[in-house]
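Please read this report alongside the sequence and the structure shown below.

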Amino acid sequence: MLDLQGYEWSILQGAWITLKVALLSLALAVMLGMAGALAKLSENRVARSIATFYTTVIRGIPDLVLMMLIFYGGQILLNSSLYSINESINEYFTSNDPKHEWTSYLPDYVDVSPFIAGVLTIGFIFGAYMAETFRGAILAVDNGQLEAAKAYGMSKVLAFRRILLPQMIRHALPGFGNNWLVLLKTTALVSIIGLNDMVRMGTLAAGSTQKPFTFYFAIALLFLLFTALSTAGLKWMERKFSIHTR
């Protein structure tokens with residue numbers, strides 16, 4: 001039995017934060033992935049170019065570098081933009097009224113939460129991977145069925161919801177599951193930007209007790225539990241969506 005010396009609750013609190021980051025990042029990744037997949041298959045050249053650039057660049061940069069870049073660089077860009085907007089507004093009023101005093105119409109400084117930064121970064125990263133997964137799943141669906149739906153008078157939205165989506169889910173599940181498991185483990189990176197997830201809480205506890213193996217082993221077991229439960233859930237989903245193809 002692992003002796004966590006009273007840090008059990010803090011580790012569990014960190015585990016809950018890790019799950020929230022993972023689930024919210026997944027939701028964002030799915031939305032970006034679907035948009036990216038449809039854009040890459042679109043007849044619009046601009047949409048295809050933007051989606052291709054997004055997936056190529058994101059998949060070519062290490063996750064840790066992107067995390068640091070978005071967290072620190074994003075804050076600098078946001079606050080610089082806010083200052084520029086405030087300056088432009090004040091210059092406009094000063095040109096009409098020389099006695100106008102500087103006023104901050106927008107916040108002078110915004111401190112981005114590590115939680116929000118972590119969710120946005122991980123969701124943004126895995127949106128690129130989901131886009132390729134969904135694109136392959138869409139291409140796996142027989143195009144003749146979509147043509148038949150069009151011949152029956154279905155709109156593109158209705159054909160997508162009733163014909164394309166149910167079938168592409170079956171093809172996308174293996175890749176989706178792999179992306180989810182990798183995303184879940186990637187959440188460990190948010191500890192670097194100061195979020196009190198279970199990795200950071202374990203690190204703090206290990207530093208206080210001088211027992212790093214004990215706490216990192218406990219964290220490894222928790223990640224293993226999450227992935228085992230996820231794998232079981234994904235297998236159930238695969239059976240559910242493949243029942244009509246047996």
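The second largest pocket has a volume of about 160 Å³, where a pocket is, on a 1 Å grid over the protein atoms alone, an open set of points where a 1.4 Å probe fits, with protein on both sides within 12 Å along at least five of seven lines, and lining residues have an atom within 4 Å of a point. Grid points are joined across faces, edges and corners, and a volume is the space filled by probe spheres set on the points. This is a predicted model, in which local features need pLDDT of at least 70 and side-chain atom pairs count only at pLDDT 80 or more, while totals for chains, interfaces and linings use all residues. Residues are numbered from 1 along each chain as its sequence is written, and side-chain values use heavy atoms, with hydrogens and water left out.

Among the residues that line the second largest pocket are Val-30, Met-34, Phe-134, Met-168, Phe-176 and Phe-241. Two or more lining residues come from each of α1 (8-40), α6 and α8 (212-241), and the largest share, six residues, belongs to α6; helices here are DSSP runs (H or I, at least four residues), numbered from the N terminus. By class, the lining of the second largest pocket has 11 nonpolar, no polar and no charged residues, where Ala, Val, Leu, Ile, Met, Phe, Trp, Tyr, Cys and Pro count as nonpolar, Asp, Glu, Lys and Arg as charged, and the others, Gly among them, as polar.

The largest pocket holds about 740 Å³ of space. Its lining comprises 18 residues, and those nearest the centre are Leu-41, Asn-143, Leu-146, Lys-156 and Leu-164. At least two lining residues are supplied by each of α4 (114-140), α5 (143-151) and α6 (156-186), with α5 giving the most, five residues. This lining divides into 11 nonpolar, three polar and four charged residues.

The largest nonpolar core has 51 residues, and Val-21, Ile-122, Phe-134, Met-168, Phe-176, Trp-180 and Met-198 have the most contacts inside it. Such a core is a set of buried Ala, Val, Leu, Ile, Met, Phe, Trp, Tyr and Cys residues joined through side-chain atoms within 4.5 Å, and buried means under 20% relative accessible area, exposed over 50%, and partly exposed in between (1.4 Å probe, protein chains only). The largest share of this core, 10 residues, comes from α4. Leaving aside neighbours within four places in sequence, Ile-122 is in contact (heavy atoms within 4.5 Å) with Val-21, Ser-25, Met-67, Leu-183, Thr-186, Thr-187 and Val-190.

An unreviewed UniProt entry places the feature "transmembrane region" at residues 15-39, 51-72, 112-131, 176-195 and 215-237, and the annotation "domain: ABC transmembrane type-1", also from an unreviewed entry, covers residues 15-234. UniProt positions are given in the numbering used here, feature names are shortened, and annotations may be inferred rather than shown by experiment.

| Residues | Helix | Strand | End C-alpha atoms apart |
|---|---|---|---|
| residues 112-131 | 90% helix | 0% strand | 27 Å |
| residues 215-237 | 100% helix | 0% strand | 33 Å |
| residues 15-234 | 81% helix | 0% strand | 21 Å |

Two single residues complete the account. Lys-20 lies in helix α1 and is partly exposed, with a relative accessible area of 32%. Lys-20 and Ala-117 are 97 residues apart in sequence and 13 Å apart in space, C-alpha to C-alpha. Gln-210, in the loop between α7 and α8, has a positive phi of about 60° although it is not a glycine, and at 63% relative accessibility Gln-210 counts as exposed.
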